[in-house]
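Trainee: I am new to this structure and would appreciate a close look at one part of it, followed by its setting in the whole.

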Amino acid sequence: MRRDFILLFCITMFCNSFVAVFYCLEQWLESLAVDSNWRGILLSAMFLMVLLFRPLTSVFFLRRSKLWALTLSIIVSGAVMLAYPFTVGKHLIGLVLLLRLTQGIALAVFSCCTVAVLVSCIPKGQSARGFAIFSLTLLLPYSVIPAIGEYILPLLGGEPYLFAATSLLALPSLIMLIPLAPRLRNPELASVEHGGVTGIVLWKQIRHSGLLFIYLACFTFSVMTVQAIFFMKGLCSLTGAHPAWFFTLYTLTIIAVRLTCSRKLDQLPRYRTTLLCSALLVGCMLGLAWAPVWTFIPITMLYGLGLGLLYPLLAAMVYDRSTVDTRSLNSNIMMTAFDASGMLAPIIGGLIIHMGFGYRGVFTGTAVSIAICGCALLLDRLRTAKC
């Protein structure tokens, strides 16, 4: 199990780099005079496909081998990254949209398969720790890719060539699938009533799982993180801060928190800690938007602290309040909530900019979003207290 977890960890980390490198996509599109509304649509297009295809793929691959699905999704993602230097001329918007949609489908297949394998690798009683460690697969790319990207962008000749360069990470991912193949060929052992799972069953599970407020908290939490990722470089162009510092510092803070506290995460009071983290993140978002530039570094580190605790505790709530039979399904519903936020957050950010509120307005909106997250957690606490 330990070897399989490490292999899955590394493959996911490399493939998440295909997403992390788009931290500069919004600014690249702005430099090409693409309208702010179109920028939001192009940013969200990939997540729209993930949102649409994750439920379908989670049903289709529930009791099937995931080896060839993962192989094909990695190859397609690498090919998409290689195609960005060719998105030139009057058809740029259409070509970028096509690439984003294609990558979104590949990402849906990849993430669905990895989550399904992951939940079977986490030991009982260590759900928060397991999710905390595995979440580093997204954090490590964000701690490295923007810092390296800002350094080598002038050498490569622009953002499209930076996107293409990350396609090289598909090679080690494909190689590591070889020792992981025996596990990927085995379908999940979860029982499926009535011979299969349908979209109706998925919707019924959302309504009757008792996790609706947790899913809402996951959604609004992710709206904040997605907007911070895509619009931070634009905000820094106003404040004078360095965007690479933001990505490196907050991800390193999260990594430090999770490596030092991972064994204690399952012992923390869930509701009290998540509410405190939500309040902290509200202050961080407002501080990044309006505080003096000298506060940028300490606020960024506090932001990392809040994220480092909040995400694994939200994921652990879903995991611990699911049965063995519904654990994989509920985890994929949680990921669907994240996908929905990834689709809507850039569009909302683009609309805020189009309305004249600018990047500071976007980050003020993120403060509202994480405040709603805290309210959803409070409502869930009140609901469970009555049960």
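What relative accessibility does Arg383 have, and how does this residue count on that basis?

Mentor: Arg383 has a relative accessibility of 30% and therefore counts as partly exposed. The classes are defined by relative accessible area, computed with a 1.4 Å probe on protein chains only: buried is under 20%, exposed is over 50%, and partly exposed lies in between. Before going further, please note that this is a predicted model, in which local features need pLDDT of at least 70 and side-chain atom pairs count only at pLDDT 80 or more, while totals for chains, interfaces and linings use all residues. Residues are numbered from 1 along each chain as its sequence is written, and side-chain values use heavy atoms, with hydrogens and water left out.

Arg383 has a partner, Asp380, and their side chains meet in a salt bridge at 4.0 Å, N to O. The term salt bridge stands for a side-chain nitrogen of Lys or Arg within 4 Å of a carboxyl oxygen of Asp or Glu. Side chains of opposite charge can pair when their charged atoms come close. Both residues belong to helix 16 (residues 358-386), where three residues, about one turn of the helix, separate them. Helices here are DSSP runs of H or I with at least four residues, strands are runs of E with at least two, and both are numbered from the N terminus. Asp380 is buried, because its relative accessible area is 0%.

The structure contains three salt bridges. Another one joins the side chains of Arg39 and Glu26, at 2.8 Å, N to O. This pair connects distant parts of the chain, with Arg39 in helix 3 (residues 36-60) and Glu26 in helix 2 (residues 25-31), 13 residues apart. Both Arg39 and Glu26 are buried. The loop between helix 2 and helix 3 holds Ala33, whose phi is near 65°, a positive value in a residue other than glycine. Ala33 is exposed, because its relative accessible area is 68%.

A further salt bridge is formed by the side chains of Lys233 and Glu150, at 3.0 Å, N to O. Here too distant parts of the chain are linked: Lys233 is in helix 11 and Glu150 in helix 7 (residues 136-156), 83 residues apart. Lys233 counts as buried, since its relative accessibility is 14%. Glu150, with a relative accessible area of 22%, is partly exposed.

Helix 11 (residues 212-239) also contains Ser222. This serine is buried, with a relative accessible area of 7%. Setting aside residues up to four places away in sequence, Ser222 touches Phe338 and Ser341, where contact means heavy atoms within 4.5 Å.

The next topic is empty space inside the model. Rolling a probe the size of a water molecule over the atoms shows where empty space is left.

Helix 14 (residues 296-320) includes Gly304. This helix is mostly covered, as 19 of its 25 residues are buried. Gly304 is itself buried, at a relative accessible area of 0%. Apart from its neighbours within four places in sequence, Gly304 is in contact with Tyr250, Thr253 and Ile254. Its C-alpha atom is separated by 9.4 Å from that of Phe247, 57 residues apart along the chain.

Of its 387 residues, 57% count as buried. Among contacts with a separation of 6 or more, 88% are between residues 24 or more positions apart.
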